[in-house]
Amino acid sequence: MQDSQQTKDRAKHFFGSWAGSYDRSLLNFFLFEPSCFVFLEELVRFQQDHAQPFDVLDIGCGTGTLLDLMRSSNLQVGQLAGLDYTMEMCVLARSKCRNVESSQFPSILHADSERLPFADASFDVITCGHSFHHYPRQAAVVREFRRVLRSGGRLMLIDGFRDNAVGWVVYDVIIASIEKSVHHASWSLMRKYFQEAGLVDVTHRKFNFWFPAFLTMGTVPGGSA
Ligand SMILES: C[S@@+](CC[C@H](N)C(=O)[O-])C[C@H]1O[C@@H](n2cnc3c(N)ncnc32)[C@H](O)[C@@H]1O
C-alpha cells in the first residue's frame with residue numbers, strides 16, 4: 001500500500017515538473033497528440049450509435065488537449081469532465097479549455113484514478129490516454145472506471161504497446177528507466193483487466209510505429225448509453 005502511494009507520488013512529482021514544457025515535447029508531438037485523434041475517431045463512432053448527447057470523463061487528462069479537442073469538435077457531448085492527479089496539469093488544462101469561446105467548459109478535478117469522485121453510472125464514455133502505466137493497482141482502477149460508466153457505456157484506454165521489439169525497447173527499457181515504477185500492461189493483460197471488470201465486446205487497435213501504442217475498448221453490458 002505504501003509502495004502504491006510512493007508510485008503515485010513519484011508520478012505526481014514527475015508530471016509536476018514536466019507540465020510547463022509538456023505540450024512542446026517530442027513525446028507529445030509523436031505520441032500523445034496522435035492518440036487524442038484516435039480517441040476522437042472512436043468518439044465519433046460511438047456517437048453514430050448513440051444519438052443523444054453523451055457524457056465523457058477524461059482520466060489523466062494532462063494539459064487538457066483531448067478535452068479541448070472534444071469541446072471544440074462537432075461531437076454532441078453533454079457533461080464533459082477531466083481529472084488528473086497532478087495539480088500543475090489541472091491548472092494548465094483549465095487554462096487551455098478557457099481559451100476558446102464556447103458555452104461548454106469542462107470541469108477539471110484534481111483527483112486519483114483509483115478513487116473517482118463520481119457516483120455510480122455517471123458517464124457514457126471514459127477516455128484514458130497514456131496514464132494507465134502509472135497506476136500501481138491497475139485491475140482495481142479498471143473496476144473503478146467500470147463503476148462510473150452507465151449501461152451501454154464505453155471505456156476507451158490508450159497506452160504504450162510493449163508487445164513487439166520496438167515497443168519493448170521504448171517502454172520497458174527507455175521509458176521505464178526515466179519514469180521508474182511504471183508498468184505498461186501487455187495486450188493480453190489489458191484484455192484480462194477489462195473482462196474481469198465485467199466489460200464486454202473488448203477490442204484492441206494498435207497504431208504508430210516508433211512509439212507504438214494501442215487502444216483497448218470495452219462496453220458495459222445492458223441498455224444503450
Ligand atoms: C503522459 S500524461 C498523459 C496526459 C494526457 N492524457 C495526454 O495524452 O496528453 C499522464 C498523465 O496521467 C496523470 N496521472 C498519473 N497518475 C495518475 C493517477 N493516479 N490518477 C490520475 N491521473 C494520473 C499524470 O499526472 C499525467 O498528467
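A residue counts as near a molecule if its C-beta atom, placed from the backbone, lies within 6 Å of that molecule. The model shown is predicted. Around the ligand there are 20 residues, and those that come nearest are Gly-60, Gly-62, Tyr-85, Thr-86 and Ser-131. By type, the shell around the ligand divides into seven nonpolar, 10 polar and three charged residues. Helix H1 (2-22) and helix H2 (26-49) each supply at least two residues of this shell. H1 gives the most, with three residues.

Next comes the sheet. Seven strands form an open sheet with mixed pairing, in the order E3-E2-E1-E4-E5-E7-E6. At the edges are strand E3 (107-110) and strand E6 (200-207), each of which pairs on one side only. From one strand to the next, the twist averages 15°. E6 and strand E7 (residues 213-219) run antiparallel and are joined by six bridges. Thr-203 stands opposite Met-217 in E7.

Two helices that pack on the sheet can be traced here. H2 touches strand E1 (54-59), strand E4 (123-129), strand E5 (149-160), E6 and E7, and its direction makes about 160° with that of E4. Helix H7 (residues 187-196) touches E6 and E7, and the direction of H7 makes about 20° with that of E7.

The largest nonpolar core has 57 residues, of which Val-56, Ala-93, Val-125, Ile-126, Leu-155 and Met-156 touch the most other members. H2 gives the most to this core, with six residues. Leaving aside neighbours within four places in sequence, the contacts of Ala-93 include Cys-61, Gly-62, Leu-67 and Ile-108. Gly-62 is also one of the residues that come nearest to the ligand.

Conventions. Residues numbered from 1 in each chain as written. Predicted model: local features only at pLDDT ≥ 70, side-chain atom pairs only at ≥ 80, totals over all residues. Helix = DSSP H or I, 4+ residues; strand = E, 2+ residues; numbered from the N terminus. Nonpolar A, V, L, I, M, F, W, Y, C, P; charged D, E, K, R; others polar. Core = buried A, V, L, I, M, F, W, Y, C linked by C-beta atoms within 7 Å. Buried ≥ 20, exposed ≤ 12 C-beta atoms within 10 Å, placed from the backbone. Contact = placed C-beta atoms within 7 Å. Pairing = 2+ DSSP bridges. Axes fitted to C-alpha atoms, helices over the stretch in contact; angles between N-to-C directions.
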